[in-house]
Amino acid sequence: MTHNGTHTMTHTHSHTHSNSIGSIRSISSLLAAISLSVTSLSALPPELSQTTFTSPGLTPSPACLSAHPNGDVFVGVDMCGSLGKGPGKGKIVRLRDTDNDGVADEHTIFATLDNPRGLIAVGDKLYVIYTIWKDEKNFGAMHLGVLEDKDKDGKADGPPKILVSNISCKTHNQSRGADHTTNGMRMAIDGWIYIAVGDYGMHEAKGSDGTVLTMLGGGIVRVRPDGSELEIYTHGLRNIYDVAVDPLMNIYTRGNTNDGGGWNVRFIHNIQTAKYGYPMLFKNFTDEILPALADLGGGSGTGAMFFQEPGWPEKYNNVPLMGDWGRSQVFIHRVQPDGATFTQTQEDYIGLTQFTDIDSDASGRLYLSAWAGAGFKGSAEKGHVVRIVPKGWAYTPAPKFKELADDALATLLRSPSATIRLHTQQEILNREAGIAPAVLAIAADTTASAESRVAAIFTYAQLLGANAKDDLFNLSNDASVREFALRAMTDRKPYVAKTPLQPFLKGLGDDNPRVQVAAAVGLGRITPSVEAASLLVENAVPPPVITIDNSATPHKPGSRDCGCPKCHQGGPHSTPNSAIVFPHVVVQSLVSLNAIDECLAAIDGPSQDGALWALRRMHDPKTVDGLISKLSSSNDKNLQNKILTALARLYHKEEPYDGSWWWFTRPDTHGPYYKAIKWSESDKIEKVYRAHWDKADAAQKAFLASNADKHRMNLSGIGKAPPAKTAKKSNKGQVGKTSIEDVMVALDKMKGNPKAGKKALASLACAACHNINPDDPIKGPDFNHIGSILNKEQIAEAILKPDATIADSWVTVTMNDGTPHMGTLISKNDTEVVVNNIAGISAKLNAADVKSIEKQTSSIMGPGLANELSLQQFVDMISYLHSLK
């Protein structure tokens, strides 16, 4: 999990102690300040009711949770936080609310393991993403495993059975912790487990069937519940924490900002095989990626789900719920169909301090976990789980799936509850094929809901495997479910043999753009054929490139993501563009099929641009020879330049990833490769390129130079020379140019000098609002004994993200006549309330005249106050502040 961006505290519970920098001169006065009756602002909609399900002592630092349909809640406790390391700090707690009052009254330690980062509870199984630490300095591995509780004693029967080993890179977890690692996962109605892979990526992850997968950077991978058929679903995401999957197989992610590098929090509709471009393509090769549905500024996306449960207000149902740790908020994204994808509108929904994860059970209870100030390295004293239900909610027990007869069980696929449909499916898959006719009847029932028919289609496909082909083919004749029948026919590569081509070829021309996409993806998974490749390339016609002009957007000092050209190169890579979706997936399928001949043949036709797009991705001598032949035989200058562009792209290829390095939080975004290497055809390409350079006029040389620079060919005499090594740059301003988590890493690694830190603090003029000396009048939050109240990490976070750590004593006192008094709450009793304003002037107020005392949710100290400091100066300053005890 990474924690960049805006972090506004929006909801606090009475049992949590905020990381406050208040008017506190001793530990005893700290406890007194905590006990003050300060009302917290709540972002909970009025139609809903919230209870504290667990206390911090029971579930500290909860990284993930999963609700069993019966209401058991499994919480992954990870007291390493995001930057901590070492063994013995993780566990899974199973919780029960036996009287359904919203408070857990039974618990067991289900399992003890390191870094639980993702959970799925199904039947007697609990799938878990976890790590193995040998000791504080030696990381073993991260795996996807499964735990079982067959004797139902609330404890796992043994250690996890490994399904996928090495699901995140060892080197990066070792050096940095779980900051950008593999995290949350969801089981979808197609039966796959979809896993959020942060941009640590993975190296030689190995599934139970021996499949080995390496992925440079972040994306979504998926795997069967037995650990087989591991494959990449989408690629080029930054640091996603979870996935939300709706009943119609739309998959959404909310990502994470890279602090001014042009990639902010993104809400993305993930389409199978798509490339989203981080970090190599999204800026300079935007026409080759699928854009995000929205650029949302700073933040840190965390837990997510698609919520569809009966009994909830309509406006809060059938929506993606996407959480954000950095903003302490769960958002609703209202999606509207737009071709094969969507547009969206974001709405605030539920405020929860440092939200981490979310799930629901079959009775419609919604559970949310929060770190609530647990910090970057976790805490044994902070973090909790809440339960939210609609007002007037009544408990409904989950079906006893295992006890139902086949027909009764199949009927539950018609349930309006997404939870019930999924767990019905999983029980059906444990049974014999005799239940298949009842499932097929629902799939074919035109009166059933789309969600029920889709659930039945994928259940039937999984139950019968290759034997489901004929019935799925028949279902593809029904326009209302054609997309899903086509998808189910090619969803499992072991079963694609003898899949009929005709419905897919026909689907490419369907009136429904979602069917077109399903057909294109499916053809990329079927055994290659000339007919399929030829028809695909005919449809590889990209739309005109969108351009966005933000040149007039002013820069906001102190901001990392203000939208100006310097901070944010948003442009078309974060602007919805439904027209690009179909040609994009067509190109991915052409590359998958290695359709070199068909693409070369199409260069002279109307799909020229799409064919060249695909060929740029095919590093094969046959591709290079074919392009050179086309180049020499054409007199069309425009086409020649397009071919030269393709050859420039093919001059290098990406170095095979060995898992030994990471690009950190602000990687090079130039592209098209991150670590470019030459290959067997590079010299041949250079010879042709130089031949064209030698005979080019000035205008053509300008094009060739620009093209070489864009693709970083580094050809001597053509374009700009590679940048020479320069003298060491000034360290001034390092804090403003460094991600917050990297500042925290520096705080841990660098040694501070308190004496130098006092001078650094003085340079920031903090004394205008804070008490530096013991005799200063109390104004804003007091620094005098801050080191006895907060650790170094908490002090640093309070400065870097002032809205994240508002002191409990920083309040607004509103009088009965409406007059506000803003400042530090000094004391409160039955007769008098005393509050000091920012100038240190006391207001002594009659308690009977006070209407409310509310903790403020924002700080008057803006972000970026320490941006001009070097990292060493910042570490020195924190060391000085921590010495004030």
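How many bridges join β31 to strand β32, and do the two run parallel or antiparallel? In this predicted model, 5 bridges join β31 to β32 (residues 842-846), and the strands run antiparallel.

L825 stands opposite V835 of β31. A hairpin through 3 residues joins β30 to β31. Strand β31 itself spans residues 832-836 and is mostly covered, with 4 of its 5 residues buried.

Another sheet involves strands β2 to β5. The sheet is open, holds 4 strands in the order β2-β3-β4-β5, and is paired antiparallel. Strands β2 (62-67) and β5 (106-111) stand at the edges; each has a single partner strand, so one side of each lacks a neighbour in the sheet. From one strand to the next, the twist averages 25 degrees. Strand β4 (residues 90-96) is joined to β5 by 5 bridges. Within that pairing, L95 has H107 in β5 as its bridge partner.

The strand pairings compare as follows.

| Strand pair | Bridges | Direction |
|---|---|---|
| β31 and β32 | 5 bridges | antiparallel |
| β4 and β5 | 5 bridges | antiparallel |

Now the cysteines. The structure holds 0 disulfides. C80 counts as buried because its relative accessibility is 1%, under the 20% cut-off. C599 is buried too, with a relative accessible area of 0%.

How values were computed. Residues are numbered from 1 along each chain as its sequence is written. This is a predicted model: local features need pLDDT of at least 70, side-chain atom pairs count only at pLDDT 80 or more; totals for chains, interfaces and linings use all residues. Side-chain values use heavy atoms; hydrogens and water are left out. Buried means under 20% relative accessible area, exposed over 50%, partly exposed in between (1.4 Å probe, protein chains only). Two strands pair if DSSP finds at least two bridges between them. A disulfide is a pair of cysteine sulfur atoms within 2.5 Å. Axes are lines fitted to C-alpha atoms, for helices over the stretch in contact, and angles run from 0 to 180 degrees between N-to-C directions.
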